[in-house]
Amino acid sequence: MAAAQDLKTPISMSFSRHSPFKPSPPFPPRTQTHSPLIITTLPRIQVHRPPPSLSISRRLFLPSVSGIWDALTGGNNPREAVSAIRRGMLLFRQGDVAGSLAEFDKAIELDPRQKAYLWQRGLSLYYLDRFKEGAEQFRIDVAQNPNDTEESIWCFLCEAQLFGVDEARKRFLEVGRDTRPVMLEAYNMFKDGGDPEKLVAAFSNGRENDYFYASLYAGLYYESQNKTEEAKHHILAAYQSLYGQRSDDYMASLAKVHCLWRNWEST
């Protein structure tokens, strides 16, 4: 599916785990507990340090400077792969889901190691109804990062479309504890069943990002159960929230893409 994640390399760099790009072998990952659509130019990358108490979605930041990546891996293909991933993320934000997938697949062709970390590709596959491939992508990603709550949920969402909710829950990928209270509650809801309305109510008066994530995942939970009107209500709420409108979080773009893809108009 979720982006706050880090470069996950064992070198002595200080990166948040919530950067949306993960490096590939030979640098093994460190395991830790995933705008407007119309953009004509790539945004400048700005890393803002959140307050110590704030836990940001791992999908907030774009891939890091390609020069750093090239220095880590060597050669031109990895650098070109990063560029393809950046283009894919931009196309997804613009609502061109098929175009985004083509770029993510190109990144894998350029550097096959990238497939194990391309959660963005899994999201694109979900919206193209390629649920089997989407589930595979998220399972591969969780294998590399066994503490990724959002990947586990998105794998469930894909498999719920393939096998139904009950079977998808039997296959549910258990991961480590998420430090974000809203995602911990969302994870438990998908894993064990629960009430999406309670999830939203619990975070409706809290921080903007928490309300956004509660609404988004409440809507996605309803969608997994084919409850379209309830899903529409909550995902529109996520998209229309302050965080959904103002954040550069990749998932804020996803909420808008979701509404466009389902032909849900603002109310």
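Visitor: What length does helix 3 reach from its first C-alpha to its last?
Guide: In this predicted model, helix 3 covers residues 97–110, which amounts to 14 residues. At 1.5 Å a residue, the expected span is 20 Å. The helix comes close to that expectation, reaching 20 Å.

Visitor: Which residue caps the N-terminal end of helix 3?
Guide: The cap involves the backbone nitrogen of G99. A side-chain oxygen lies 2.8 Å from that nitrogen, and the residue that supplies this oxygen is D96.

Visitor: Which helices are included in what covers the buried residues of helix 3?
Guide: The buried residues of helix 3 are V97, G99, S100, L101, E103, F104, A107, I108 and L110. Their cover includes helix 2 (77–93), helix 4 (119–127) and helix 13 (250–261).

Visitor: With which residues is F190 in contact, leaving aside its neighbours within four places in sequence?
Guide: F190 is among the residues with the most contacts inside the largest nonpolar core. Beyond its sequence neighbours, F190 is in contact with I153, F156, L157, R169, F172, Y217, L220 and Y221.

Visitor: Where should the predicted coordinates not be read in detail?
Guide: The mean pLDDT of the protein chain is 80, and 71% of its residues reach 70 or more. Where pLDDT is low, coordinates should not be read in detail. Values stay under 50 over residues 1–58 and over residues 60–71.

Technical notes:
Residues are numbered from 1 along each chain as its sequence is written. Side-chain values use heavy atoms; hydrogens and water are left out. Helices (H or I, at least four residues) and strands (E, at least two) are DSSP runs, numbered from the N terminus. The expected span of a helix is 1.5 Å times one less than its number of residues. Buried means under 20% relative accessible area, exposed over 50%, partly exposed in between (1.4 Å probe, protein chains only). Contact means heavy atoms within 4.5 Å. A polar contact is a pair of N or O atoms within 3.5 Å; within protein, one must be able to donate a hydrogen and the other to accept it, and residues adjacent in sequence count only if both atoms are side-chain atoms. A nonpolar core is a set of buried Ala, Val, Leu, Ile, Met, Phe, Trp, Tyr and Cys residues joined through side-chain atoms within 4.5 Å. pLDDT is the predictor's confidence in each residue, from 0 to 100.
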